Amino acid sequence: MNTLKIVGLLCCSAFLVRSAHIPEKSMDARSLVEKILGNIPVVHESSVKIMGLTLDPSSQSRNMRYQSMVTSLGIPAAPELRTVCRPLNQIDFTLEVCLSSMSAGLQLYQDVLGELKERVTTDKVTGLLADIRDLLAQVNKMQEPGQMSSVAQYEASGLASRLPGDYEVQVATHFTLLQLRDFTQNLKRSLRNVEHLTSRPGQRG
């Protein structure tokens, strides 16, 4: 057996040992993902009363009229997981980058929903925030101890200072929940990719 093959096998074995805990943590994370996806419509129904702003996919074309407002309010968007947590037949899949992007996105929604919680007329945001906090903890546990210092740190958005009235609060809440739903659905698919990566020998970390 040549040197390159030996090095390859050693690297693969080391990666599998390091990531042995990930499938179990990922399953725990996926149960929280389902909980978040189930709670988003509940929070939306109790906090957004503007006619036409719904989570129904058929109504998304009506959201276009609010895009300039979304921009002016500075509602932040989460990292695009599909580009960094892509299917495993893509050679540039990197586990640490994928997990770090998940963490950054969850930190973003923790911050934004935390600011909105003080302005909305429902306490249901508190439960959603708790689920996001728990999911962030699970994702961070999937990181290697040596990689924790490189977890992307999200800077506070300061969104509340750009919401002068209840109308702006409801618009910001609507689009935040809409984006959170998309992000969480992508995170769910990404967790399946991570599980697949860490349960198969010969895949890249």
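Predicted model: local features only at pLDDT ≥ 70, side-chain atom pairs only at ≥ 80, totals over all residues.

Me: What makes helix 5 count as largely enclosed?

Reply: Of its 23 residues, 19 are buried, so the rest of the structure largely encloses helix 5.

Me: Why is E118 called exposed?

Reply: The label needs a relative accessible area over 50%. E118 has 60%, so E118 counts as exposed. You will find E118 in the loop between helix 5 (95-117) and helix 6 (124-142).

Me: Why is the pairing of E118 with K117 called a salt bridge?

Reply: The cut-off is 4 Å between a Lys or Arg side-chain nitrogen and an Asp or Glu carboxyl oxygen. In E118 and K117 the closest N and O atoms are 3.1 Å apart, so the pair qualifies. K117 itself is partly exposed, at 30% relative accessibility.

Me: How do you know that K35 and D131 form a salt bridge, and what parts does the pair tie together?

Reply: Their closest N and O atoms are 3.3 Å apart, which is within 4 Å, so the pair counts as a salt bridge. K35 lies in helix 2 (residues 22-47) and D131 in helix 6, so the pair ties together parts 96 residues apart in sequence.

Me: Is D131 buried or exposed?

Reply: Buried means under 20%, and D131 has 4% relative accessibility, so D131 counts as buried. K35, at 45%, is partly exposed.

Note on methods
Residues numbered from 1 in each chain as written. Heavy atoms only, no water. Helix = DSSP H or I, 4+ residues; strand = E, 2+ residues; numbered from the N terminus. Buried < 20%, exposed > 50% of the residue type's maximum accessible area, 1.4 Å probe, protein only.
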